[in-house]
Amino acid sequence: MTGRLGRRVALTCSVVGASVVALDGTVLTIAQPVLQRDLGADTGQVQWTSTGYLVAVAGLLVFAGRLGDRYGHRRVFALGCLGFALASAGIAAAPGIGWVVALRVVQGVSGALLQPATLGMLRGAYPPERLGMPVAVRTSAIGLAAAAGPLAGGVLVDAYGWRAVFLIGVVPTLAVALLCLAVPEPGRTAGTRTAGKGTQDRMPDSGVSDGVRRDERGGARTARGETARVPSVRAALRSLDLSGAALLALALAALVQGLAHGPAAGTLPALAVATVAATAFLRHERRAPQPLLPPEMLRPGPVAAGLGALLAVSAALSGTVFTATFLFQDSLGLDPLPTALRMVPLALLMIVCAPLSAVLAKRVGARTTATGGAVLLAAGVLLLARPEVTGSGFATGSAAALIGAGFGAVMVTATSVVVHRAPEEHAGVAGGLQQTAMNTGPVLGVALASLLLASGTALPALAAVAALAIPATLSLPRADRKAGHAREAVTPGSAPAPNVRS
């Protein structure tokens with residue numbers, strides 16, 4: 001397979017997979033009231049159609065990324081897409097609310113499999129210096145899906161009922177799953193991933209070195225009749241760090257469950273479980289011979305800074321949209337459609353600014369681009385907190401545009417840094433961490449907004465949350481001037497200068 005075809009397949013699958021997941025979340029919000037009436041469910045049961053999905057996704061994202069690193073991002077992505085499509089079709093035919101909640105959990109597991117792979121595939125297909133634009137295209141597609149979701153959901157619910165919204169993503173996810181299975185992943189032969197120099201002996205599915213591998217646990221014959229080492233099931237499971245994965249899943253799932261239900265009964269025990277599990281996870285990772293999270297990804301640096309920025313801006317964005325929806329409808333008496341129209345500039349600017357941010361980051365650096373985006377986001381939220389702004393459609397749209405532009409700039413830049421700076425053999429784990437930040441941040445933001453909504457201080461607090469991203473963005477890499485000078489020094493007929501990673 002040529003490099004060009006591989007890049008096209010990776011980008012297509014990444015965009016479609018990420019867009020379907022984004023679309024699913026927005027159309028569900030529109031469908032929930034009708035679903036509740038049709039199935040005779042109570043509010044708590046309907047809430048679990050969202051919470052069950054979020055808990056499953058948050059708990060499994062990092063482990064799913066580890067599976068992609070070990071066994072191939074396309075394989076894991078295809079498995080996730082197939083599961084997502086089947087669960088979606090099952091929900092459309094569900095006879096009761098219990099089936100809907102259970103299948104939403106299955107959707108969450110499938111979404112956790114496919115989401116990190118959307119970034120892992122890009123990391124493996126594109127050279128680091130060209131990674132920014134594919135990430136920007138993916139971000140723009142997510143913004144477009146999120147903007148189109150409420151409109152598409154409203155049309156489908158009105159015309160065909162709530163079951164129709166779950167059928168939107170079935171065909172696209174099946175199509176990209178088949179595409180992934182039909183086109184082999186670069187660097188894989190006979191199901192074995194090439195891990196790069198120095199890593200073959202550590203990989204559970206590594207190839208044979210020098211034609212012979214001896215193993216007291218048993219072996220397999222090579223073409224020359226010699227015994228080659230085949231790692232045992234126990235060794236393969238040990239390399240996945242299942243204990244660490246279980247502790248991290250418990251911590252994140254309990255955190256999301258506790259925050260998603262606000263001050264309801266059971267929140268404090270859930271947060272206590274999250275704290276204990278997180279502490280046990282950190283202690284386990286320091287002792288594990290093959291930890292789920294590589295040590296270099298836990299140290300302060302560009303990867304940690306990028307994740308912190310993504311957590312802060314996603315919390316600020318989701319909390320602001322949640323607060324603005326209540327503000328426009330309850331305080332100003334607007335209907336849902338005028339409320340949605342006031343926030344359209346947010347999605348539009350996010351779509352437009354994503355590719356522009358990729359270009360800008362190559363020119364002035366990730367630090368400057370992301371910091372500017374965080375400032376725009378905080379300023380937009382602060383403007384939205386002013387009564388004279390919320391009373392004017394034009395002023396509200398302007399504030400929403402600042403929020404969308406700022407969020408798009410930070411998301412593209414920080415995501416590129418996280419995926420780029422992580423070692424390629426850990427690209428899936430990096431993608432899982434990025435998706436964990438992007439899934440946990442909104443839960444934190446909405447929980448904070450719910451707590452402060454009655455006091456009228458939600459938006460200023462969310463602006464402060466957005467500002468918390470600025471110290472993180474200031475730790476991102478600067479522009480790489482040396483790489484630019486090296487490219488300028490290349491003349492016709494001379495050898496190209498080596499790539500310098502920013």
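A salt bridge is a side-chain nitrogen of Lys or Arg within 4 Å of a carboxyl oxygen of Asp or Glu. The views below come from a predicted model, in which local features need pLDDT of at least 70, side-chain atom pairs count only at pLDDT 80 or more, and totals for chains, interfaces and linings use all residues. Residues are numbered from 1 along each chain as its sequence is written, and side-chain values use heavy atoms, with hydrogens and water left out.

**View 1. The salt bridge of Arg104 and Asp24.** The side chains of these two residues meet at 2.7 Å, N to O. A search of the whole structure finds 1 salt bridge. The pair links distant parts of the chain, 80 residues apart: Arg104 is in helix α4 (residues 97-125) and Asp24 is in helix α1 (residues 3-39). Helices (H or I, at least four residues) and strands (E, at least two) are DSSP runs, numbered from the N terminus. Arg104 is buried because its relative accessible area is 3%, and Asp24 counts as buried at 7%. Buried means under 20% relative accessible area, exposed over 50%, and partly exposed in between (1.4 Å probe, protein chains only).

**View 2. The largest nonpolar core.** A nonpolar core is a set of buried Ala, Val, Leu, Ile, Met, Phe, Trp, Tyr and Cys residues joined through side-chain atoms within 4.5 Å. Another core, of 28 residues, lies apart from it and includes Phe63, Ala245, Leu292 and Ala422.

**View 3. The surroundings of Leu35.** Leaving aside neighbours within four places in sequence, Leu35 is in contact (heavy atoms within 4.5 Å) with Val46, Ile97, Val100, Trp162 and Phe166.

**View 4. A nonpolar patch on the surface.** Met133, Val137 and Val359 form this patch, with about 210 Å² of accessible area together. Patches are made of residues with over 30% relative accessible area and no salt bridge; like charges are joined within 9 Å, nonpolar side chains (Val, Leu, Ile, Met, Phe, Trp, Tyr) within 5 Å. Accessible areas come from the Shrake-Rupley method with a 1.4 Å probe, and for residues only the protein chains shown count as cover. Met133 lies in helix α5 (residues 132-160). Met133 has 36% relative accessibility, so it counts as partly exposed.
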